Each structure stands twice: as C-alpha cells, then as structure tokens.
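Here are a few exercises to work through with the model open beside you. Try each task before you read its solution.

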Amino acid sequence: MIQKVGQIGVPVKNIETAVTFYQEKLELPLLFNTDRLAFFGCNGLRLMLSLPEKEEFSTSSSVIYFQVENLKEKYENLVEKGVTFIDEPHIVGKMGSTEIWMAFFKDTEDNTHALMSEVEA
C-alpha cells in the first residue's frame, strides 16, 4: 500500500542556479547536495533537483503547488526577489465555503510551479 509521496524530482539544466533559486528565493532548506543533485526539505516532503543522466529525463517537471498561509504576501515577497510569475493571485475554485487561490511562476529552469492557499470565504 502506498503511504505517501516522499520525494519529487525536478529536472534542471544548471544545478548551481537552481539551488540558489530554491534556497534563496523560495527559502526551502537545503538538506544536502552533490555536483549533480540537490535535496530540499518541504514540510516532510523531499524535493530533488537533478541534472538528467539521459535525454528522456530532461523534460519539464510536474507542477509543484507550494501551500502558503498568505498567498498575496508570499507573492509580493517573491516578486521583490525577482521571481517571474505567469499570473497574479486568483481564485481557481471553491470547495464549500473555502476559496482556493493560486499564482503560477517559473523557476530558473523554466519549470512551472504555483503558490496555493485555501481561504475561508
């Protein structure tokens, strides 16, 4: 039986630039790194940045949705740090009385990720 997702891999072209982005801009704690890999912690989930060993692994990663408490505040913080956003914070749906807000951005490797927040309406 699958218990949980333990690690997500993100292919990168430049490991040094990517490490700087995830560590300094997104403020994720760097667990450890090598010349081809970097591992970050994200509340019990490991995020692995890797230089692909083969061409078939060099495609864009899945979208990672980083949950934050205050989406507008984190969005403004990342914009100030030079993070490129595709859009501004917006409602993508409602679950009962809970609004789901998102804002999508690009990392240094052109992978698309998002900030997300669930807010009681």
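**Exercise 1. Find which residues are linked into a cluster by ring pairs, then classify two of the aromatic pairs by geometry.**

Solution. Step 1: the cluster joined by ring pairs consists of Phe21, Tyr22, Phe40, Phe66, Tyr75, Phe85 and Phe105. Rings of Phe, Tyr and Trp (its six-membered ring) pair if their centres lie within 6.5 Å; planes under 30 degrees apart are stacked, over 60 edge-to-face, and the rest tilted. This is a predicted model, in which local features need pLDDT of at least 70 and side-chain atom pairs pLDDT 80 or more, while totals for chains, interfaces and linings use all residues. Residues are numbered from 1 along each chain as its sequence is written, and side-chain values use heavy atoms, leaving out hydrogens and water.

Step 2: searching the whole structure gives 8 aromatic pairs. One of them, tyrosine 65 with phenylalanine 104, is edge-to-face, with centres 6.0 Å apart and 80° between the planes. This pair links distant parts of the chain, 39 residues apart: tyrosine 65 belongs to strand β5 (residues 65-67) and phenylalanine 104 to strand β8. Helices (H or I, at least four residues) and strands (E, at least two) are DSSP runs, numbered from the N terminus.

Step 3: check accessibility, where buried means under 20% relative accessible area, exposed over 50%, and partly exposed in between (1.4 Å probe, protein chains only). Tyrosine 65 has 40% relative accessibility, so it counts as partly exposed. Phenylalanine 104 has 18%, so it counts as buried.

Step 4: turn to tyrosine 75 and phenylalanine 85, whose ring centres are 4.6 Å apart with planes at 65°, so this pair is edge-to-face. Tyrosine 75 lies in helix α2 and phenylalanine 85 in strand β6, 10 residues apart. Tyrosine 75 is buried because its relative accessibility is 15%, and phenylalanine 85 is buried at 15%.

**Exercise 2. Work out which residues of α2 are buried and what they pack against.**

Solution. Step 1: α2 spans residues 71-80, and its buried residues are Leu71, Lys74, Tyr75 and Leu78. Viewed down the helix axis, these fall within an arc of 105°, so they line one face. The arc is that of the directions from the helix axis to the C-beta atoms.

Step 2: this buried set packs against α1 (15-25), β6 (84-85), β8 (98-106) and β9 (112-120), with contact meaning heavy atoms within 4.5 Å. The face turned away from the buried side carries the exposed Lys72, Glu73 and Glu80.

Step 3: look at the ends. At the start of α2, a side-chain oxygen of asparagine 70 comes to within 3.4 Å of the backbone nitrogen of lysine 72. After α2 comes glycine 82, with a positive phi near 90°.

**Exercise 3. Trace the strand order of the open sheet formed by 4 strands.**

Solution. Step 1: the order is β1-β4-β3-β2, with mixed pairing; two strands pair if DSSP finds at least two bridges between them. The edges are β1 (7-11) and β2 (30-33), each having a single partner strand, so one side of each lacks a neighbour in the sheet.

Step 2: follow the pairs. β1 runs parallel to β4 (residues 45-50) over 5 bridges, and glutamine 7 has arginine 46 of β4 as its bridge partner. β2 and β3 (residues 37-42) are antiparallel, joined by 3 bridges, with asparagine 33 opposite alanine 38 in β3. A hairpin of 3 residues connects β2 to β3.

How values were computed: Polar contact = N/O pair within 3.5 Å; in protein donor to acceptor, adjacent residues only side chain to side chain.
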